[in-house]
Amino acid sequence: MDPITVIYIVGTLGMLIGIPPALSLMGDEVGLDFDYLWAIPGIAALMYLLMAFDIGSVQFQGYHVPIPRYIDWALTTPLLVGYTAYVAGAGRNTIIGIALADFLMIVLGVGAAAFSSPTQWMFFGLSSVCHVAILVSLYGPVRSSALEEPPSHRRLGRLLLNYIGLLWLAYPLVWLFGPGLQWVDATGIAVIISYLDVTAKVPFVYFIYRARQNFVQVQDKVPEAASPQDSTAAVPSAA
Ligand code: RET
C-alpha cells in the first residue's frame with residue numbers, strides 16, 4: 001500500500017477518536033453551547049477518508065495537493081478559533097471576526113498552494129497577514145475577555161488560546177519547507193500535516209470535554225448567587 005494512503009487512514013482513525021466526546025457535549029445540560037463541536041473531528045475524519053482514497057486531489061507544480069484538506073481547514077479552523085473565543089467569553093463580533101479572518105487565511109492559503117513562484121509568495125504573505133491578525137486578536141481582546149470569566153472558564157479559555165496560538169505556528173513553517181521551498185517531499189509533508197491536524201483537533205475536543213463539569217457548576221451557581229441580591233433588592237420596594 002502507498003505510504004500516503006496509510007498515513008491518511010491513520011489520520012481518519014485519529015480523528016474518529018474525537019467524535020464521541022464531542023457528541024456527548026451536545027444538548028442544553030452542558031451550560032455552554034457546544035452543539036457544533038463534533039463537526040471539528042467529524043468533518044476532518046470524512047476529509048481524511050477522501051484523502052485516503054485519493055479523491056479530490058490535484059497536481060500543482062508537481063506537488064500533490066489534496067483539496068479535501070483545504071475544505072477541512074476552511075470549515076473546521078474557524079470553528080476551532082471561534083470556540084476558543086467563545087469559551088474565553090469574547091463578544092459575538094469578536095467571535096465572528098476572528099472566524100472570518102481564519103476562513104480568509106485558508107482561502108488565501110489555497111492560492112499559496114495553487115500558484116507557482118512569485119504569485120504563491122504573494123498569497124503566502126496575504127494568508128500570513130490573516131494569521132497575524134488572528135494571533136493579535138487572540139492575545140489581545142480574547143485574552144482580556146477571559147479575565148472577566150469565572151476561573152474555570154478562564155483557565156480553559158487560556159489553555160485553548162495558547163494551544164492554538166503555539167501549535168498553529170507550525171503550519172506556515174510546514175508550507176515554507178514543503179510547497180514553498182520544496183525541501184521536504186509530499187510524503188514527508190503528508191506525515192507532518194496529518195500529525196499536526198490530529199493534534200490540533202482531538203486534544204482540543206478533549207480539553208473541553210474534561211472541563212464540562214465546570215460549565216454546569218457555573219450555570220447552577222448563577223440563580224443561587226442572584227437570589228440573595230434579589231431578595232434584598234425586594235425589601236425596600238416591599239416596605
Ligand atoms: C497556510 C499557508 C499560507 C500561510 C499560512 C498558512 C496557515 C495555515 C494554518 C492552518 C491551520 C490548520 C489547522 C488544522 C487542523 O486540523 C495555509 C499553511 C499562515 C494556520 C489547525
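This is a predicted model: local features need pLDDT of at least 70, side-chain atom pairs count only at pLDDT 80 or more; totals for chains, interfaces and linings use all residues.
What does Thr76 touch, once residues up to four places away in sequence are set aside? Its partners are Ala39, Ile40, Ile43 and Lys201. With Lys201 there is also a polar contact between the two side chains, at 3.2 Å.

## Lys201 and the ligand

Lys201 turns up again at the ligand. An N or O atom in the Lys201 side chain lies 2.4 Å from an oxygen atom of the ligand. Asp197 brings a polar side-chain atom to 3.2 Å from a ligand oxygen. Both Asp197 and Lys201 are on the list of closest residues, together with Ser127, Trp168 and Tyr171. In total, 15 residues surround the ligand.

How much of the ligand does the protein cover? On its own the ligand has 530 Å² of accessible area, and the protein covers 99% of that.

## The overall layout

Zooming out, the protein has 9 helices and 2 strands.

Of the 239 residues, 44% are buried. The protein exposes about 11900 Å², with carbon and sulfur atoms supplying 70% of that area. As for contacts with a separation of 6 or more, 75% are between residues 24 or more positions apart.

## Helix H1

Helix H1 takes in residues 3–24, and its length checks out: 22 residues at 1.5 Å each should span 32 Å, and the end C-alpha atoms are 34 Å apart, which agrees.

An α-helix has 3.6 residues a turn, so residues three or four places apart point the same way.

## The hairpin

The two strands, S1 (residues 57–60) and S2 (residues 63–66), pair up antiparallel over 4 bridges. Across the pair, Val58 faces Val65 in S2, and Phe60 stands opposite Tyr63 in S2.

The hairpin has 2 residues between the strands. There, Gln61 takes a positive phi near 50 degrees.

## Cys130 in helix H5

If you're eyeing cysteines, here is Cys130, which is found in helix H5 (residues 119–147). Is Cys130 buried or exposed? Its relative accessible area is 9%, so Cys130 is buried, given the cut-off of under 20%.

Leaving out neighbours within four places in sequence, Cys130 contacts Ala101, Leu104, Met105 and Leu108. Take Leu108: along the chain, Leu108 and Cys130 are 22 residues apart, and their C-alpha atoms are separated by 9.0 Å.

Key
Residues are numbered from 1 along each chain as its sequence is written. Side-chain values use heavy atoms; hydrogens and water are left out. Buried means under 20% relative accessible area, exposed over 50%, partly exposed in between (1.4 Å probe, protein chains only). Contact means heavy atoms within 4.5 Å. Accessible areas come from the Shrake-Rupley method with a 1.4 Å probe; for residues, only the protein chains shown count as cover. Two strands pair if DSSP finds at least two bridges between them. A residue is near a molecule or strand if one of its heavy atoms lies within 4 Å of it. A polar contact is a pair of N or O atoms within 3.5 Å; within protein, one must be able to donate a hydrogen and the other to accept it, and residues adjacent in sequence count only if both atoms are side-chain atoms. The expected span of a helix is 1.5 Å times one less than its number of residues.
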